[in-house]
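Have the viewer open as you read.

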Amino acid sequence: MSRPQVGFSMHPRWIAGSTLAGFLGPLRTAGLEALEFGLDANDADWPHFEPMMYDCRLLGLDLCFHAPYKPPYTIAGFAGHERASIEGDYAAMLDVAGRFGDTTVVIHGAQSATRPQQELVADTVAFLRWALDRYPSLTLALENLVFDPDKVKIGADRTDVLRIVEEINDSRVGICWDLGHDVMNGCHDLPNQAWLQHICHAHLHDVSEHGVDHYPFNYGRVPIRSWLPALARAGFSGIASLELKGGQLASLELEQIMEMLVDSTSKAHRLLTTST
Ligand SMILES: [Zn+2]
């Protein structure tokens with residue numbers, strides 16, 4: 001892959017009122033080329049995920065993945081004696097991604113309300129090194145996260161993400177730039193060149209007037225018009241996935257939802273492909 005692709009964070013519930021091809025058709029016309037699948041055996045729809053991955057690939061879409069991050073999944077403690085049980089939990093999920101060959105998996109750094117920052121950095125680095133070693137076909141994308149006053153989260157600060165990626169210094173470890181999370185953190189400046197150069201994946205969504213993220217680009221709060229062309233100019237050649245929460249749009253008609261998804265897809269596609 002030598003150019004950016006627009007992706008969409010897929011879930012079996014998106015096709016509740018349609019068929020897979022019926023749902024994806026208008027989005028593909030708007031520029032969609034890839035789908036991102038969350039990996040979480042505790043999702044009530046988990047049994048439908050893997051068959052859907054194969055169906056999407058048969059339709060000609062590229063796939064990428066998001067490692068588990070919702071409790072009880074945690075990588076906090078990985079550098080200590082909890083490693084064996086965490087490895088077991090995560091291997092069961094990452095093995096799924098591993099079956100799809102060269103692909104990217106998004107990782108959230110370790111977080112905890114009780115453990116110190118330094119330990120959580122060590123947990124994150126040890127986890128990434130383990131996954132690199134176990135999955136030679138996977139590229140790992142460490143994501144920037146929303147700050148939480150009650151927790152230490154590795155990734156709530158852009159600097160942590162870059163430092164860890166530079167420390168590991170492997171072409172298969174990069175940054176997942178979540179543009180919406182930056183805005184949630186009050187960060188509206190373009191990341192520096194070192195940060196931009198390490199981005200191998202991106203998450204796209206808008207922030208509502210109530211300060212809630214993971215919406216389509218309806219609000220203009222995330223500066224995609226300057227950020228996406230800058231990302232493309234930095235040589236980005238990964239997948240930029242629209243990461244939306246369907247539940248937040250549940251009050252809308254299906255037709256209205258599709259209009260928004262098509263609009264966000266074509267905006268992302270245009271901004272990533274007209275970089276000059
Ligand atoms: Zn994200």
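Leaving aside its neighbours within four places in sequence, which residues is Ala-156 in contact with? The partners are Leu-145, Val-146, Phe-147 and Asp-148, where contact means that C-beta atoms, placed from the backbone, lie within 7 Å. Before going further, please note that this is a predicted model, in which local features need pLDDT of at least 70, side-chain atom pairs count only at pLDDT 80 or more, and totals for chains, interfaces and linings use all residues. Residues are numbered from 1 along each chain as its sequence is written.

**Around Ala-156**

Ala-156 sits in the loop between strand 7 (152-153) and helix 5 (158-168). Helices (H or I, at least four residues) and strands (E, at least two) are DSSP runs, numbered from the N terminus. Ala-156 counts as buried because it has 20 C-beta neighbours inside 10 Å. The cut-offs are 20 or more other C-beta atoms within 10 Å for buried, 12 or fewer for exposed, and partly exposed in between, with C-beta atoms placed from the backbone. Asn-144 is twelve residues from Ala-156 in sequence, with 5.8 Å between their C-alpha atoms.

**The whole chain**

The chain holds nine helices and ten strands. Its radius of gyration is 18 Å, close to the 19 Å that the globule rule gives for 276 residues, so the chain is as compact as a globular protein of that length. That radius is taken over C-alpha atoms, and the rule is 2.2 Å times the number of residues to the power 0.38. The C-alpha trace spans about 50 × 40 × 35 Å along its principal axes. Of the 276 residues, 41% are buried. Among contacts between residues at least 6 apart in sequence, 79% join residues at least 24 apart.

**The barrel and its helices**

Eight strands form a closed barrel in the order 1-2-3-4-6-8-9-10, with parallel pairing. Neighbouring strands of this sheet are turned by 30° against each other on average, direction ignored. Angles here run from 0 to 180 degrees between N-to-C directions, and axes are lines fitted to C-alpha atoms, for helices over the stretch in contact. Two strands count as paired if DSSP finds at least two bridges between them.

| Strand pair | Bridges | Sense |
|---|---|---|
| Strand 3 (residues 62-66) and strand 4 | two | parallel |
| Strand 6 (residues 138-143) and strand 8 (residues 173-178) | four | parallel |

Five of the six residues of strand 4 are buried. Glu-143 has Cys-176 of strand 8 as its bridge partner.

Helix 4 (residues 117-134) packs on the sheet, touching strand 4 (103-108), strand 6 and strand 8, with its direction at about 160° to that of strand 6. Its buried residues are Leu-120, Asp-123, Thr-124, Val-125, Phe-127, Leu-128 and Ala-131.

Helix 9 (residues 254-273) lies across strand 1 (5-10), strand 2 (32-38), strand 9 (199-204) and strand 10 (239-242), running at about 155° to strand 10. Not counting residues up to four places away in sequence, Lys-267 touches Phe-217 and Ile-224. Gln-256, also placed in helix 9, is exposed, with 11 other C-beta atoms within 10 Å.

**The nonpolar core**

A nonpolar core is a set of buried Ala, Val, Leu, Ile, Met, Phe, Trp, Tyr and Cys residues joined through C-beta atoms within 7 Å. The largest one has 70 residues, and those with the most contacts inside it are Ala-67, Val-105, Leu-140, Ala-141, Leu-142 and Ile-175. Leaving aside neighbours within four places in sequence, Ala-67 is in contact with Leu-39, Tyr-90, Met-93, Leu-94, Val-105, Val-106 and Ile-107.

**Backbone details worth a look**

Most residues other than glycine have a negative phi, and most peptide bonds are trans. Pro-71 and Pro-72 are joined by a cis peptide bond, with omega about 5°. Asn-169, in the loop between helix 5 and strand 8, has a positive phi of about 50°. Asn-169 is exposed, with 7 other C-beta atoms within 10 Å. His-214 has a positive phi near 70°, yet this residue counts as buried, with 23 C-beta neighbours inside 10 Å.

How values were computed: Two residues are in contact if their C-beta atoms, placed from the backbone, lie within 7 Å.
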